[in-house]
Amino acid sequence: MIFDYPGYDLQFIQKRRIKDGSAHLFSFLYKFYSPITELQYVLTADYHEGDFFAIKFYAKMLRKSDFKYSLITNKGDVGNLLVTCLKCVPLLLKRTQPRHSDLSAPARMIRFLKNWRITQIPNALESTESL
């Protein structure tokens with residue numbers, strides 16, 4: 001299967017701060033239009049503690065529904081909708097991490113002891129200096 005969907009252009013709407021005391025800190029709202037489904041969509045990227053985003057979208061006609069993120073419109077165009085959601089990742093990183101140039105950071109290595117506790121291995125630079 002060839003996955004060559006171009007996706008759609010995203011238009012920034014607003015940044016919404018969340019002040020409910022939860023781990024959800026703020027949301028970025030974008031909108032886009034699908035000429036295939038003839039529907040407008042709203043994409044929401046929720047930023048949480050721990051530096052991660054929850055990216056979700058809904059058809060604008062469902063905006064007042066409590067179930068807007070889970071209702072299926074069944075109009076097709078799944079490939080373009082998914083690619084559009086992926087296109088927002090560089091935009092989000094540019095807004096939140098302007099000095100970063102990569103999408104991921106390496107994790108520290110871990111090792112298991114005999115009793116299955118997880119401990120951190122010292123920083124790689126520290127271990128190579130003794131060589």
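Guide: We can go from the overall layout to the sheet, then to a charged pair and the surface.

Visitor: Fine. What should I know about the model and its numbering?

Guide: This is a predicted model, in which local features need pLDDT of at least 70, side-chain atom pairs count only at pLDDT 80 or more, and totals for chains, interfaces and linings use all residues. Residues are numbered from 1 along each chain as its sequence is written, and side-chain values use heavy atoms, with hydrogens and water left out.

Visitor: How many helices and strands does the protein have?

Guide: There are two helices and six strands. Helices (H or I, at least four residues) and strands (E, at least two) are DSSP runs, numbered from the N terminus. Along the sequence the pattern reads β-β-β-β-α-β-β-α.

Visitor: What is the order of the strands in the open sheet?

Guide: The order is 1-2-3-4, with four strands and antiparallel pairing. Two strands pair if DSSP finds at least two bridges between them. Strand 1 (11–17) and strand 4 are the edges, each pairing on one side only. From one strand to the next, the twist averages 20°.

Visitor: And which helix packs on the sheet?

Guide: Helix 1 (residues 78–96) does, touching strand 1, strand 2 (24–34), strand 3 and strand 4. A contact here is heavy atoms within 4.5 Å. The direction of helix 1 makes about 135° with that of strand 2. For such angles, axes are lines fitted to C-alpha atoms, for helices over the stretch in contact, and the angles run from 0 to 180 degrees between N-to-C directions.

Visitor: How many bridges does strand 3 make with strand 2?

Guide: Strand 2 and strand 3 pair over 10 bridges, in the antiparallel sense. Phenylalanine 26 has tyrosine 47 of strand 3 as its bridge partner.

Visitor: What about the turns?

Guide: The hairpin of strand 2 and strand 3 has four residues between the strands, and glutamate 38 in that turn has a positive phi of about 55°. The hairpin of strand 3 and strand 4 has three, with glycine 50 at a positive phi near 95°.

Visitor: Why is strand 3 called largely enclosed?

Guide: Because nine of its 10 residues are buried. Buried means under 20% relative accessible area, exposed over 50%, and partly exposed in between (1.4 Å probe, protein chains only).

Visitor: Is aspartate 46 buried or exposed?

Guide: Aspartate 46 is buried, at 5% relative accessibility, while lysine 56 is partly exposed at 30%.

Visitor: Last one: which residues form the nonpolar patch on the surface?

Guide: Phe3, Tyr5, Val78 and Leu82, with about 390 Å² of accessible area together. Patches are made of residues with over 30% relative accessible area and no salt bridge; like charges are joined within 9 Å, nonpolar side chains (Val, Leu, Ile, Met, Phe, Trp, Tyr) within 5 Å. Accessible areas come from the Shrake-Rupley method with a 1.4 Å probe, and for residues only the protein chains shown count as cover. Leucine 82 is in helix 1 and is partly exposed at 43% relative accessibility.

Notes. A salt bridge is a side-chain nitrogen of Lys or Arg within 4 Å of a carboxyl oxygen of Asp or Glu.
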